[in-house]
Amino acid sequence: MLRILIIEDDAEASAYLAKGLKELGHLADQAGDGEAGLEMALGSTYDVLIVDRMLPLRDGLSVIEELRKAGDQTPVLILSALGQVDDRVKGLKAGGDDYLPKPYAFTELQARVEALSRRPKAGGEVVTSYQVGDLILDRLAHSCRRGETDIPLQPREFRLLEYLMQHAGQVVTRTMLLENVWEYHFDPQTNVIDVHISRLRSKIDKDFDRPLLHTIRGAGYTIRDTAD
């Protein structure tokens, strides 16, 4: 369960988000303007903040900048109708952790919020390896094995698997993969993800008794141990 603050002046959109998050078992507070949102964020502890960029009284980027100045490092997902690369860069430079252009799918927002909540806290322990079932990825040795079998990976395959394992059990969307694995802030309209997912699946699943990498139709991909 996460405690989330939604700072959004569109009452209908805010209510929709809050309802969806609560149905997932999270706690969701709401603020209708930047001043109220900043006060609530500074006065309570949240796992993730969802901040609309265009807000009355104080805009979203100003809210984030004030939080960072106050030493608040709570992960922030920025929502905005401004989706150009320059707009995203401004949001990230202001202290945002992720940027989701409107309109968006709730499933993608959910995945991004959960991904932000899993990031190591400032000063926290650095994760050096990931494990899902009998699949182990060692970030320091840059190696991968499943059971007793070593699995050679190309650099992009390693980064792709690393990102999937960072978010094990969660749905990872194509947009998330493009931005975080390929560092594309646009869809190149190619099958690059499908090709790499297929290659990765052939290496980590093909010769083993159960699959770990799953396609979620219409949503994205997830890595999980079906034996759990």
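## A proline in a loop

P103 has its place in the loop between β5 (98-101) and α5. Helices (H or I, at least four residues) and strands (E, at least two) are DSSP runs, numbered from the N terminus. The peptide bond that leads from K102 to P103 is cis, with omega near -5°. To put that in context, most peptide bonds are trans, and most residues other than glycine have a negative phi.

A word on the model: it is predicted, so local features need pLDDT of at least 70 and side-chain atom pairs count only at pLDDT 80 or more, while totals for chains, interfaces and linings use all residues. Residues are numbered from 1 along each chain as its sequence is written, and side-chain values use heavy atoms, leaving out hydrogens and water.

## Two residues with positive phi

L57 is not a glycine, yet its phi is positive, at about 70°. You can find L57 in the loop between β3 (48-52) and α3 (60-69). With 68% relative accessibility, L57 counts as exposed (buried means under 20% relative accessible area, exposed over 50%, partly exposed in between, with a 1.4 Å probe and protein chains only).

H142 also has a positive phi, near 55°. This residue lies in the loop between β7 (135-138) and β8 (143-146). Its relative accessible area is 48%, so H142 is partly exposed.

## Rings and a charge

The structure holds one aromatic pair. Its members, Y16 and F106, are edge-to-face, at 6.0 Å centre to centre and with 75° between the planes. Rings of Phe, Tyr and Trp (its six-membered ring) pair if their centres lie within 6.5 Å; planes under 30 degrees apart count as stacked, over 60 as edge-to-face and the rest as tilted. Y16 belongs to helix α1 (residues 11-23) and F106 to helix α5 (residues 106-117), so the pair links distant parts of the chain, 90 residues apart. F106 counts as buried because its relative accessibility is 16%.

Elsewhere, the charged end of R3 sits over the ring of Y46, 4.6 Å from its centre. For this, NZ of Lys or CZ of Arg must be within 6 Å of the ring centre and within 35 degrees of the ring normal.

## Two crossing helices

The axes of helix α6 (residues 155-166) and helix α8 (residues 192-204) come within 10 Å and cross at roughly 80°. Axes are lines fitted to C-alpha atoms, for helices over the stretch in contact, and angles run from 0 to 180 degrees between N-to-C directions.
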